[in-house]
Amino acid sequence: VISRGYYATFLYARLIVKNEEFNIPLITKDPKGNNLGSHASIYESMIAQKDFINLSDIGLKLKNYHGLRKISDYELSYSLTKYDETLAEKYFSECKEQMDFFLKNPDLPFTKKKRVIEATKSLSGEIQTSTLRILK
């Protein structure tokens, strides 16, 4: 169950990273110059994102989910706990929810709210309220 949910989440994340509309640079090497695997390449590319703040959080969750998936698949002497299952379900639902939100609102920080007030700062640092926005 953990693997199935993880792979669905990974493939969704990969579609976002490889989507030319977002122009996300693919990170293929770690800081020491070693090649990253395909999964690490996707979540590290998301984590490194500065233009789309939501992707960094999604990438961190995907990285943790990947670690849990590897334990469930390869650590045969390890007995999965109820906590592991609950954590996998949480990663699955939160990543999906945040990726769905990102695709609809790539310029906004993730929120479960349906209405947000967009505000801007003036050069002097004063916050200026602009508009009420209804999220998709």
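What share of the contacts in the protein chain with a separation of 6 or more comes from residues 24 or more positions apart? With contact taken as heavy atoms within 4.5 Å, such residues account for 50% of them. The structure is a predicted model, in which local features need pLDDT of at least 70 and side-chain atom pairs count only at pLDDT 80 or more, while totals for chains, interfaces and linings use all residues. Residues are numbered from 1 along each chain as its sequence is written, and side-chain values use heavy atoms, with hydrogens and water left out.

The protein chain holds 4 helices and 2 strands, arranged from the N terminus as α-α-α-α-β-β. Both kinds of element are DSSP runs numbered from the N terminus: helices are H or I runs of at least four residues, and strands are E runs of at least two. Of the 136 residues, 35% count as buried; here buried means under 20% relative accessible area, exposed over 50%, and partly exposed in between, using a 1.4 Å probe and protein chains only. The chain exposes about 9100 Å², and carbon and sulfur atoms supply 54% of that area. These areas come from the Shrake-Rupley method with a 1.4 Å probe, and for residues only the protein chains shown count as cover.

Nonpolar packing comes next. In soluble globular proteins, nonpolar side chains tend to be buried together. A nonpolar core is a set of buried Ala, Val, Leu, Ile, Met, Phe, Trp, Tyr and Cys residues joined through side-chain atoms within 4.5 Å. The largest one has 26 residues, of which I16, I42, M46, L55, L62 and M99 touch the most other members. Helices α1, α2, α3 and α4 each supply at least two residues of this core, and α1 gives the most, with 7 residues. Leaving aside neighbours within four places in sequence, L55 is in contact with I16, I24, M46, I47, Q49 and F102.

Charged pairs complete the picture. A salt bridge is a side-chain nitrogen of Lys or Arg within 4 Å of a carboxyl oxygen of Asp or Glu, and by this rule there are 6. K61 pairs with D57, with the closest N and O atoms 3.4 Å apart; because the two are 4 residues apart in α3, about one helical turn separates them. K61 counts as buried at 16% relative accessibility, whereas D57 is partly exposed at 33%. K61 also forms a salt bridge with E94, at 3.0 Å between the closest N and O atoms. E94 lies in α4 and K61 in α3, so this pair ties together parts that are 33 residues apart in sequence. E94 is partly exposed, at 22% relative accessibility. D57, K61, K90 and E94 are linked in a network of salt bridges.

R69 is buried, with a relative accessible area of 3%, while D73 counts as partly exposed at 29%.
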